[in-house]
Amino acid sequence: MRRLSSFLVPRSSFLVRPRPFHEAHEAFNGNGHGRSAKLPTIQGCGVDPSEVSATVESMGAEDAIRWAIGTFHPRLRFAVSFQKTSSVIIDIAHRIQPDAHFFYLDTELLFPETYATRNALAARYGIEFERFAGIALEEQRNRHGANLWRRDPDACCGIRKVEAMREALDGVECWVSGIRRVDSKTRAGAAKFGWDKRFGLWKLNPLADWGDDQVWDHIKEGHVPYNPLHDQGYPSIGCMLCTSAPGVGEEARAGRWAGTDRTECGING
Ligand code: SF4
């Protein structure tokens, strides 16, 4: 069985000095400490998710993305929402791996500004963002009636986002998300890297420990295209029907499904 250190010296010239891993490695190799031998793998070898997670946690965003690209590309997918964190991640990842694979979930209910941001980023970096979508809106209406988003947002997100996400991640070993701990209380404990049980693959949140200032500094310094809705009071942007500007003092995602206790669409939590 390979040591974790071999996964942390990826195919690129990027070098990391991980802490020793042999103890955990022997533990999940079946030495009677009660761990299951059925653990997630990297490059076909079993690893301990908590050990890998702890090592990646110590990396900065650029190093974490470089490591993930070296370890998983081309079975690595960047999920982008065309919010400010997507702009940062696209800018970093594209510099490291110009043919990195970016995709988005098109609910057909995104803001015009979001589609315009997609186009601006595509033009700036020469990226063709792969589009995944659920059934057509008309078909959803025929099957489930009008205003499903209001009557049953779990079902609506399930159809328009989660199903599309499963399709997008088919055959993928690791996906990348832009979530951050400052987004909301429910994301405060998000790991930078870990095993995503929901979709059965690894997940990297390279900006997990970034604050707003870091995000904006990166965007401004690099003149990176970003969603103009951020300048109009929308710190978090999803579908038009379910996004509003949060009130003063509310957390960034308070405007998502406002007036309900819903906080996530089923992709990140
Ligand atoms: S965010 Fe709203 S409109 Fe968009 S898929 Fe979810 S429930 Fe439907």
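Two strands pair if DSSP finds at least two bridges between them. Helices (H or I, at least four residues) and strands (E, at least two) are DSSP runs, numbered from the N terminus. Strands S7 and S8 pair in the antiparallel sense, over four bridges. The model described here is predicted: local features need pLDDT of at least 70, side-chain atom pairs count only at pLDDT 80 or more, and totals for chains, interfaces and linings use all residues. Residues are numbered from 1 along each chain as its sequence is written.

Strands of a sheet pair through backbone hydrogen bonds, either parallel or antiparallel. Here, six strands form an open sheet with mixed pairing, in the order S5-S4-S3-S6-S8-S7. Strand S5 (130–132) and strand S7 (193–196) stand at the edges. Each has a single partner strand, so one side of each is left without a neighbour in the sheet. On average, neighbouring strands are turned by 30° against each other, direction ignored.

Strand S3 (residues 76–79) pairs with strand S6 (residues 174–176) in the parallel sense, over three bridges. Leu-76 stands opposite Cys-174 of S6. S6 also pairs with strand S8 (residues 201–204), again parallel and over three bridges. There, Val-176 has Leu-204 of S8 as its bridge partner. At the antiparallel pair of S7 and S8, Asp-196 stands opposite Leu-201 in S8. The hairpin of S7 and S8 has four residues between the strands, and Gly-200 takes a positive phi near 70° in this hairpin.

Two packed helices are described by the angle between their axes and the distance between the axes. Axes are lines fitted to C-alpha atoms, for helices over the stretch in contact, and angles run from 0 to 180 degrees between N-to-C directions. Helix H5 (residues 84–96) packs on helix H10 (residues 212–222) at an angle of about 60°, with the axes 9 Å apart. H5 and H10 are therefore oblique to each other (angles under 35 degrees count as roughly parallel, over 145 as roughly antiparallel, 65 to 115 as roughly perpendicular and the rest as oblique). Lys-84, Thr-85, Ser-87, Val-88 and Asp-91 of H5 meet Val-215, His-218, Ile-219 and Gly-222 of H10; residues are in contact if their C-beta atoms, placed from the backbone, lie within 7 Å. This contact of H5 with H10 divides into three nonpolar, four polar and two charged residues. Ala, Val, Leu, Ile, Met, Phe, Trp, Tyr, Cys and Pro count as nonpolar, Asp, Glu, Lys and Arg as charged, and the others, Gly among them, as polar.

H5 has a further contact, with helix H4 (residues 61–72). The axes of H4 and H5 come within 10 Å and cross at roughly 50°. H4 and H5 are therefore oblique too. Ala-61, Glu-62, Ile-65, Arg-66 and Ile-69 of H4 make the contact with Ile-92, Ala-93 and Ile-96 of H5. By class, the contact of H4 with H5 has six nonpolar, no polar and two charged residues.

The loop between H4 and S3 holds Pro-74. A cis peptide bond joins His-73 to Pro-74, with omega about 10°.

The ligand has 13 residues around it, and Cys-156, Cys-157, Arg-160, Cys-239 and Cys-242 come nearest. A residue is near a molecule if its C-beta atom, placed from the backbone, lies within 6 Å of it. Helix H9 (residues 153–168) gives the most to this shell, with five residues. The shell divides into nine nonpolar, two polar and two charged residues.

Methods: Two residues are in contact if their C-beta atoms, placed from the backbone, lie within 7 Å.
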